[in-house]
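Work through the exercises below with the sequence and the structure open. Each task is followed by a solution in steps.

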Amino acid sequence: MKKFFQEIKADIKFKGAGPGQKLTESVGEKAPKEKPSQPTVRQPRQGPTNEAQMAAAAALARLEQKQPRARGPTSQESIRNQVRKELRAEATVSGNPEALGSNTAPEPKEEGSAHLVVPGVYFTCPLTGAILRKDQRDARIREAILMHFSTDPVAASIMKIHTFNKDRDRVKLGVDTIAKYLDNIHLHPQEEKYRKIKVQNKVFQERIHCLEGTHEFFEAIGFQKVLLPIPDQEGPEEFYVLSEAALAQPESLERHKEQLLSAEPVRATLARQRRVFRPSPLASQFDLPADFFNLTAEEIKREQRLRSEAVERLSVLRTKAMREREEQREMRKYTYTLLRVRLPDGCLLQGTFYARERVAALYGFVREALQNDWLPFELLASGGQKLSEDENLAFNECGLVPSALLTFSWDAAVLEDIRAAGTQPDISILKPELLSAIEKL
């Protein structure tokens with residue numbers, strides 16, 4: 001029986017194998033297949049299973065990771081264009097819509113605007129105490145020095161020498177030469193040749209005559225200009241000769257020499273324009289006047305040169321140290337900064353500073369406004385960064401330009417004592433005269 005069924009299966013398998021092929025026929029020749037009488041019906045294709053979809057997603061992710069990232073522009077010109085676009089975007093975000101390379105300063109605001117938190121940048125004349133604008137400083141100081149000749153000609157001439165002459169190296173050379181003349185008189189008071197200074201002498205002409213104020217100084221300390229005959233020369237020569245009265249007071253000559261050597265140029269001091277505001281949600285908003293941004297012709301040329309160099313620098317690979325140096329250089333372009341300090345009671349103390357001033361200047365400014373200026377405190381920048389009074393850092397090095405809001409914080413020991421005494425740490429700490437002049441921001 002078993003053999004019977006095996007034969008039936010073999011016969012069915014043989015018939016299902018299709019038409020036969022002779023051994024003499026070539027392998028490539030095949031009998032034509034019979035066409036089916038009815039077309040076959042295709043079964044609908046089933047979608048992938050959940051497992052298949054997950055596997056495909058994983059494979060696609062691996063493929064994307066292997067693909068190289070899109071490269072940026074490679075040519076120098078395309079890199080420069082990209083850098084220019086980024087610089088313009090940064091200028092737009094910072095509120096400065098100027099195009100790259102523009103040599104015009106921002107449009108000045110009206111100084112009478114009610115939104116300006118400070119009317120401008122002002123200075124104090126150290127001789128008269130007058131408050132001056134930026135464009136008035138040099139002219140008013142010159143006037144004050146010239147007026148001082150009527151009261152103290154020696155001091156006025158010294159101020160003129162150090163202030164009117166801008167080349168500091170030339171001033172130092174001339175001052176040292178005058179000091180040498182006076183030292184010779186002090187060491188050899190009996191020798192007449194040291195009391196006479198030939199005006200046409202080459203050293204005198206190159207080092208002293210070219211400086212403003214030197215002739216006034218010689219006349220103020222007792223020298224007189226006279227004409228003296230010269231041996232083997234037809235006409236007389238002009239000399240400065242020390243008078244007998246001045247020679248009789250050597251200590252005065254020595255004092256005048258020390259004053260000349262130790263003097264500094266007379267410069268107008270920056271007016272802090274201290275103001276106190278009530279607590280306000282606008283504490284971190286600054287609407288600065290044009291004085292904080294105005295550039296001189298030299299500063300405009302320098303800014304244009306720096307921006308052109310920035311395009312070239314940004315088109316090449318830079319190290320971290322190079323980027324940090326460039327960030328510091330960017331901060332140094334500001335001359336002034338407006339700083340506010342939020343006190344424990346929420347009031348705001350505001351003042352104007354040079355961007356290159358040290359953090360210690362701000363500590364001193366705040367301390368002058370406190371009732372108890374001896375209590376230690378701390379100043380915190382944005383993000384809680386502590387600004388130490390002992391660190392020799394400038395405001396532009398700390399990123400506090402052209403304006404910044406800082407927070408006043410008591411020293412930990414002082415805060416503990418305040419709480420132990422049952423006093424609220426947020427009470428007013430300013431002097432009464434400042435509180436009486438408090439304003440609304």
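**Exercise 1. The open sheet**

In what order do the 3 strands of the open sheet stand, and is their pairing parallel or antiparallel?

Solution. The model is a predicted one.

Step 1. The strand order in this open sheet is 3-5-4, and the pairing is antiparallel.

Step 2. Strand 3 (196-198) and strand 4 (223-228) each have a single partner strand, so they stand at the edges, and one side of each lacks a neighbour in the sheet.

Step 3. Ignoring direction, neighbouring strands of this sheet are turned against each other by 30° on average.

Step 4. For the pair formed by strand 4 and strand 5 (residues 237-242), there are 6 bridges in the antiparallel sense.

**Exercise 2. A loop residue with positive phi**

Locate Asp232 and state whether Asp232 is buried or exposed.

Solution. 

Step 1. Asp232 belongs to the loop between strand 4 and strand 5.

Step 2. Its phi is near 60°, which is a positive value in a residue other than glycine.

Step 3. The relative accessibility of Asp232 is 87%; the cut-off for exposed is over 50%, so Asp232 counts as exposed.

Step 4. For a further case, take Gln273: phi is about 50°, again positive although Gln273 is not a glycine. Gln273 sits in the loop between strand 6 (269-270) and strand 7 (275-277).

**Exercise 3. Two packed helices**

At what angle do helix 6 and helix 7 pack, and how far apart are their axes?

Solution. 

Step 1. Two packed helices are described by the angle between their axes and the distance between the axes.

Step 2. For helix 6 (residues 168-187) and helix 7 (residues 202-209), the angle is about 130° and the axes are 8 Å apart.

Step 3. Helix 6 is therefore oblique to helix 7.

Step 4. On the helix 6 side, the contact is made by Arg170, Leu173, Gly174, Thr177, Ile178 and Tyr181. Helix 7 contributes Val203, Phe204, Glu206, Arg207 and Ile208.

Step 5. Sorted by class, the residues of this contact are 6 nonpolar, 2 polar and 3 charged.

**Exercise 4. The largest nonpolar core**

Which residues of the largest nonpolar core touch the most other members?

Solution. 

Step 1. This core has 31 residues, and those touching the most other members are Leu362, Val366, Leu400 and Phe408.

Step 2. Elements giving two or more residues to the core include strand 8 (336-342), strand 9 (348-354), helix 13 (359-369) and strand 12 (403-410). Helix 13 supplies the largest share, 6 residues.

Step 3. Beyond its neighbours within four places in sequence, Val366 is in contact with Val341, Leu349, Phe377, Leu379 and Phe408.

Step 4. A second, separate core has 25 residues, among them Leu182, Ile185, Ile197 and Phe217.

**Exercise 5. The partners of strand 12**

In which sense does strand 12 run with strand 8, and in which sense does strand 12 pair with strand 10?

Solution. 

Step 1. Strand 8 and strand 12 run parallel and are joined by 5 bridges. Within this pair, Arg340 has Leu405 of strand 12 as its bridge partner.

Step 2. Strand 10 pairs with strand 12 over 4 bridges in the antiparallel sense. Here Glu378 stands opposite Ser409 of strand 12.

Step 3. Look next at the loop between strand 11 (386-387) and strand 12, where Pro402 lies. The peptide bond from Val401 to Pro402 is cis, with omega near -10°.

**Exercise 6. A helix residue and its contacts**

Is Met159 buried or exposed?

Solution. 

Step 1. Met159 is part of helix 5 (residues 153-164).

Step 2. Its relative accessibility is 14%, and the limit for buried is under 20%, so Met159 counts as buried.

Step 3. With neighbours within four places in sequence set aside, the contacts of Met159 are Leu127, Ile145, His148, Phe164 and Val266.

Step 4. Gln259 is 100 residues from Met159 along the chain, and their C-alpha atoms are separated by 10.0 Å.

**Exercise 7. The whole chain**

How many helices and strands does the protein chain have?

Solution. 

Step 1. The count is 15 helices and 12 strands.

Step 2. The chain has 441 residues, of which 31% count as buried.

Step 3. Among contacts with a separation of 6 or more, 67% are between residues 24 or more positions apart.

Conventions: Residues are numbered from 1 along each chain as its sequence is written. This is a predicted model: local features need pLDDT of at least 70, side-chain atom pairs count only at pLDDT 80 or more; totals for chains, interfaces and linings use all residues. Side-chain values use heavy atoms; hydrogens and water are left out. A nonpolar core is a set of buried Ala, Val, Leu, Ile, Met, Phe, Trp, Tyr and Cys residues joined through side-chain atoms within 4.5 Å. Buried means under 20% relative accessible area, exposed over 50%, partly exposed in between (1.4 Å probe, protein chains only). Contact means heavy atoms within 4.5 Å. Two strands pair if DSSP finds at least two bridges between them. Axes are lines fitted to C-alpha atoms, for helices over the stretch in contact, and angles run from 0 to 180 degrees between N-to-C directions. Angles under 35 degrees count as roughly parallel, over 145 as roughly antiparallel, 65 to 115 as roughly perpendicular and the rest as oblique. Ala, Val, Leu, Ile, Met, Phe, Trp, Tyr, Cys and Pro count as nonpolar, Asp, Glu, Lys and Arg as charged, and the others, Gly among them, as polar.
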